[in-house]
Amino acid sequence: MKPPSFSGWVLSLASCLACVFAAPAASAAELDLQGSRLVVSGMLDGTAIKEFTDQLGSGTVHTVVFEDSFGGTAEAAGAYADAIRASGVQTEIRGQCMAACAYAFLAGKTHRFGYGLQVNGILLPVASRPTAAELAIRWRGDEAHKTLADFTPTATSAAKPVEASAPPVVKDNWQPDHGVLFTASPTLFGRIYNTYYCDGTQGRDFSKCERLADADPYKLGVLTP
């Protein structure tokens, strides 16, 4: 049998990315306790924060699994991250985890991609294209939490008097399709990891994003061994 060409493999991967990251209609977060694993799906919009915090406070949850969570608000991201950090649980991704979900995911004691045949991906929003030096520290430890400040009103802007004619301050200014995308695709020889910078113009076709070299998610602290 003739082996697939490299160009054919690239097209296949592009199609895979385009299909897998085509988000369905947004829905509020849903929680599903499966033994010691709490599965969170849907938008992190704040509606399930109390239930989520109570579940983690019970001491029975060891791992929070984010499954196809397509975003949410910065406020909710911070609340989920605080609850995860306080309880010391692990986090895992099955499928897609974008924007608000991504920051909550990074708060886990360990944070990993789930096993299985699905393509896993995490999209971390950025205000601008990060340099190689910024990538190296951006999502490590407390730095991951600090980056939320890029997407919420600053104390200085809040302190300034607001004119009657001035538009209201936007609470969240991240773009859900603008960020650094880390993916893991299953193959016969193990998983292939790729990293892309998406400037938001690609819409839901993430195969149009720029591939970043030397941006291994383990080296950058996005995934832990």
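In this predicted model, Thr 147 touches Tyr 103 and Arg 138, leaving out residues up to four places away in sequence. Thr 147 sits in a loop, between helix 6 (142-146) and helix 7 (155-159). The residue is buried, because its relative accessible area of 9% falls under the 20% limit. Leu 124 provides a further reference point for Thr 147. These two residues are 23 residues apart along the chain, and their C-alpha atoms are separated by 10.0 Å.

Glu 92 belongs to strand 4, which spans residues 90-98. Its side chain makes a polar contact of 2.7 Å with the side chain of Arg 37.

Charged pairs were examined next. Side chains of opposite charge can pair when their charged atoms come close. The structure holds five salt bridges. Among them is the pair Arg 94 and Glu 67, with an N to O distance of 3.4 Å. Arg 94 lies in strand 4 and Glu 67 in strand 3 (residues 63-69), so this pair ties together parts that are 27 residues apart in sequence. Glu 67 is partly exposed, at 28% relative accessibility.

Lys 50 is exposed, because its relative accessible area of 64% is over the 50% limit. Asp 54 counts as partly exposed, at 45% relative accessibility.

Asp 82 and Arg 85 are separated by about one helical turn, because they are three residues apart in helix 3 (residues 74-87). Both partners count as partly exposed. Asp 82 has a relative accessibility of 41%, and Arg 85 has 38%.

The packing of helix 2 and helix 3 was then described. Two packed helices are described by the angle between their axes and the distance between the axes. The axes of helix 2 and helix 3 come within 10 Å and cross at roughly 5 degrees. Helix 2 is therefore roughly parallel to helix 3, a term that covers angles under 35 degrees. On the helix 2 side, the contact is made by Ile 49, Phe 52, Thr 53 and Leu 56. Helix 3 contributes Ala 76, Ala 79, Tyr 80, Ala 83, Ile 84 and Ser 87. By class, the contact has eight nonpolar and two polar residues. No charged residues take part in the contact of helix 2 with helix 3.

Note on methods. Residues are numbered from 1 along each chain as its sequence is written. This is a predicted model: local features need pLDDT of at least 70, side-chain atom pairs count only at pLDDT 80 or more; totals for chains, interfaces and linings use all residues. Side-chain values use heavy atoms; hydrogens and water are left out. Helices (H or I, at least four residues) and strands (E, at least two) are DSSP runs, numbered from the N terminus. Buried means under 20% relative accessible area, exposed over 50%, partly exposed in between (1.4 Å probe, protein chains only). Contact means heavy atoms within 4.5 Å. A polar contact is a pair of N or O atoms within 3.5 Å; within protein, one must be able to donate a hydrogen and the other to accept it, and residues adjacent in sequence count only if both atoms are side-chain atoms. A salt bridge is a side-chain nitrogen of Lys or Arg within 4 Å of a carboxyl oxygen of Asp or Glu. Axes are lines fitted to C-alpha atoms, for helices over the stretch in contact, and angles run from 0 to 180 degrees between N-to-C directions. Angles under 35 degrees count as roughly parallel, over 145 as roughly antiparallel, 65 to 115 as roughly perpendicular and the rest as oblique. Ala, Val, Leu, Ile, Met, Phe, Trp, Tyr, Cys and Pro count as nonpolar, Asp, Glu, Lys and Arg as charged, and the others, Gly among them, as polar.
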